[in-house]
Amino acid sequence: MKSLRILAAMAAVIGLAACNSSPKTPAPSVSGKSASLRSMEQVAIAAHKCWFASKDPAFAKYQMANELNNFGGTPRFLLVPAKQYGARPLLVVQAQGNSSQVQVFGPLMDQALGARISSDVNRWRSGNPSCTGTA
């Protein structure tokens with residue numbers, strides 16, 4: 001009987017200690033994907049559909065290099081010159097860590113196409129997969 005009370009007291013102490021432990025890191029999503037990967041997947045799918053599969057002439061000089069599953073924890077895709085897959089990227093679209101914020105940079109952003117790229121990526125990141133913005 002006495003040992004049963006000691007065990008019960010020990011269980012209570014352990015339970016209280018668990019309640020007072022330091023805050024835990026946020027639990028991963030149900031799918032096991034980080035917020036950055038989920039966000040980049042929707043942007044990359046829309047970019048491929050709208051810029052390349054649709055044969056948009058504005059993007060005919062480029063090809064998409066998908067690096068969503070890289071080991072650095074920075075899902076991204078690149079636009080490189082067509083037929084030069086290993087060339088220096090002209091556009092980088094990426095997200096980092098557990099953020100759904102998408103960064104877009106590279107020489108294409110300083111050209112006339114930059115405004116359209118920015119508009120498209122912002123629309124896709126927000127969940128709208130359409131190929132054209134609304135006026």
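**Entry 1: H2 against H3**

I began with the two helices H2 (residues 35-53) and H3 (residues 113-125). Their axes come within 9 Å and cross at roughly 130°. The model I am reading is a predicted one. I looked up how such an angle is classed: over 145 degrees would be roughly antiparallel, and 65 to 115 would be roughly perpendicular. H2 and H3 are therefore oblique to each other. I also noted the hand of the crossing, and H2 passes H3 in a right-handed one.

Next I listed who meets whom. H2 contributes Ser39, Gln42, Val43, Ala46, Ala47, Cys50 and Trp51. From H3 come Arg116, Ile117, Asp120, Val121, Trp124 and Arg125.

**Entry 2: Ala47 and Asp120**

Ala47 is in H2, and Asp120 is in H3. How far apart are their C-alpha atoms? I found 8.1 Å between them, although 73 residues separate the two along the chain.

Is Ala47 buried or exposed? Its relative accessibility is 0%, so I put Ala47 down as buried. I then checked its contacts, leaving out neighbours within four places in sequence. Ala47 touches Phe52, Met64, Phe77 and Trp124. I placed three of these partners by residue range.

Beyond residues up to four places away in sequence, Asp120 is in contact with Trp51 and Cys131.

I turned to the strands. Four of them form an open sheet, in the order E1-E2-E3-E4, with antiparallel pairing. Which strands are at the edges? They are E1 and E4 (103-105), and each pairs on one side only. The twist averages 15° from one strand to the next.

I then went through the pairings one by one. E2 and E3 (residues 91-94) are antiparallel over four bridges. Here I marked Leu79, which stands opposite Leu91. E3 and E4 are joined by three bridges, again antiparallel. For Val92 I found Phe105 as the bridge partner in E4.

**Entry 3: two lysines with positive phi**

I searched the backbone for positive phi outside glycine. Lys55 has a phi of about 60°. Lys55 is in the loop between H2 and E1. Its relative accessible area is 70%, so Lys55 is exposed.

Lys83 came up as well, with a phi of about 65°. Where is Lys83 found? I located Lys83 in the loop between E2 and E3. Lys83 has 82% relative accessibility and therefore counts as exposed.

**Entry 4: the whole chain**

Last, I stepped back to the chain. I recorded three helices and four strands. In sequence order the pattern is α-α-β-β-β-β-α.

I noted the totals. The chain has 135 residues, and 29% of them count as buried. It exposes about 8900 Å², with 60% of that area from carbon and sulfur atoms. For contacts between residues at least 6 apart in sequence, I found that 40% join residues at least 24 apart. The contact between Ala47 and Trp124 is one example I had already written down.

Definitions and conventions
Residues numbered from 1 in each chain as written. Predicted model: local features only at pLDDT ≥ 70, side-chain atom pairs only at ≥ 80, totals over all residues. Heavy atoms only, no water. Pairing = 2+ DSSP bridges. Buried < 20%, exposed > 50% of the residue type's maximum accessible area, 1.4 Å probe, protein only. Contact = heavy atoms within 4.5 Å. Areas by Shrake-Rupley, 256 points an atom, 1.4 Å probe, with all protein chains shown as cover. Axes fitted to C-alpha atoms, helices over the stretch in contact; angles between N-to-C directions. Parallel < 35°, antiparallel > 145°, perpendicular 65-115°, else oblique. Left-handed = near helix turned anticlockwise from the far one by under 90°.
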